[in-house]
Amino acid sequence: MKILVCIKQVPDMESKFKIDAGGTWYEKTDLAWRMNEYAEYAVEQAVQLKEQVKDADLTVLCIGGDQVKETMKKALAMGCDRGVHIADDDSSSKEPFEKAGIIAEYAKEKGFDLIFTGMQSQDRGSAQVGILTAEILGMMSVSTIVDFSYSDGVASLKRELEGGVKACVTASTPLVVTCQLGLNTPRYPTLPNIMKAKRKELLSL
């Protein structure tokens, strides 16, 4: 099984924000950075699936400048096998369909069975990138999942609807899912796994 998990680096929400000179976004200097919280749930679910299936290969992908590599190392320490960094210093200004196009361009010939993304990013909150990626790749998608299980090529999922209602869905692979808060409890990377992550492949494109 081939699995892809897409993450995003975002400012720590406890940072002190200032509007940038153009008045259109936040000033990026002097901010602390971290993995998008929704992406942490996606990484954890992807790692759990890898552990369940055994014969699985898990790649983590992130778009951004060189600084995102530090966030990618956390995903590697959590259990991803390799990282793919798509270099783009202007990624924060790109629209969701542009980011989805970049992900799809990388993934289109890789034969991924499952692609995990966060439901949305904490800074933009569009909740569109995962779904648009599936549309471009011609793959089925299930959004806002809060429960996930897998057996014999079929995923059984619960997705959150309005008012706390949950819909039960089954879907065959290949499949894209977007992960909601509360799907699981993301693990803390242990020191041995942090050391192992330093030796894992981190390819820049």
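Trainee: Before we start, what are the ground rules here?

Mentor: In this predicted model, local features need pLDDT of at least 70 and side-chain atom pairs count only at pLDDT 80 or more, while totals for chains, interfaces and linings use all residues. Residues are numbered from 1 along each chain as its sequence is written, and side-chain values use heavy atoms, with hydrogens and water left out.

Trainee: What makes R187 and E44 a salt bridge?

Mentor: The closest N and O atoms of R187 and E44 are 2.7 Å apart. A salt bridge needs a side-chain nitrogen of Lys or Arg within 4 Å of a carboxyl oxygen of Asp or Glu, so this pair qualifies. R187 sits in the loop between strand 10 (175-179) and helix 5, and E44 in helix 1, so the pair ties together parts 143 residues apart in sequence.

Trainee: How do you know that E44 is buried while R187 is partly exposed?

Mentor: Buried means under 20% relative accessible area, exposed over 50%, and partly exposed in between (1.4 Å probe, protein chains only). E44 has 4%, so it's buried. R187 has 27%, so it's partly exposed.

Trainee: Which other glutamate does R187 form a salt bridge with?

Mentor: E51, with the closest N and O atoms 2.8 Å apart. At 40%, E51 counts as partly exposed.

Trainee: Why does the R82 and D57 pair count as tying separate parts together?

Mentor: R82 lies in strand 5 (residues 82-87) and D57 in strand 4 (residues 57-64), so the bridge ties together parts 25 residues apart in sequence. The N to O distance is 2.5 Å. R82 is partly exposed at 24%, and D57 is partly exposed at 25%. The structure holds 12 salt bridges.

Trainee: Why is L191 called exposed?

Mentor: L191 has 61% relative accessibility, so it counts as exposed. L191 is in helix 5 (residues 191-197).

Trainee: What surface patch do L191, I194 and M195 form?

Mentor: A nonpolar one, with about 280 Å² of accessible area together. Patches take residues with over 30% relative accessible area and no salt bridge, joining like charges within 9 Å and nonpolar side chains (Val, Leu, Ile, Met, Phe, Trp, Tyr) within 5 Å. The areas come from the Shrake-Rupley method with a 1.4 Å probe, and for residues only the protein chains shown count as cover.

Trainee: What makes K54 stand out in its backbone?

Mentor: Phi of K54 is near 75 degrees, a positive value in a residue other than glycine. K54 lies in the loop between helix 1 and strand 4, and at 68% it is exposed.

Note on methods
Helix = DSSP H or I, 4+ residues; strand = E, 2+ residues; numbered from the N terminus.
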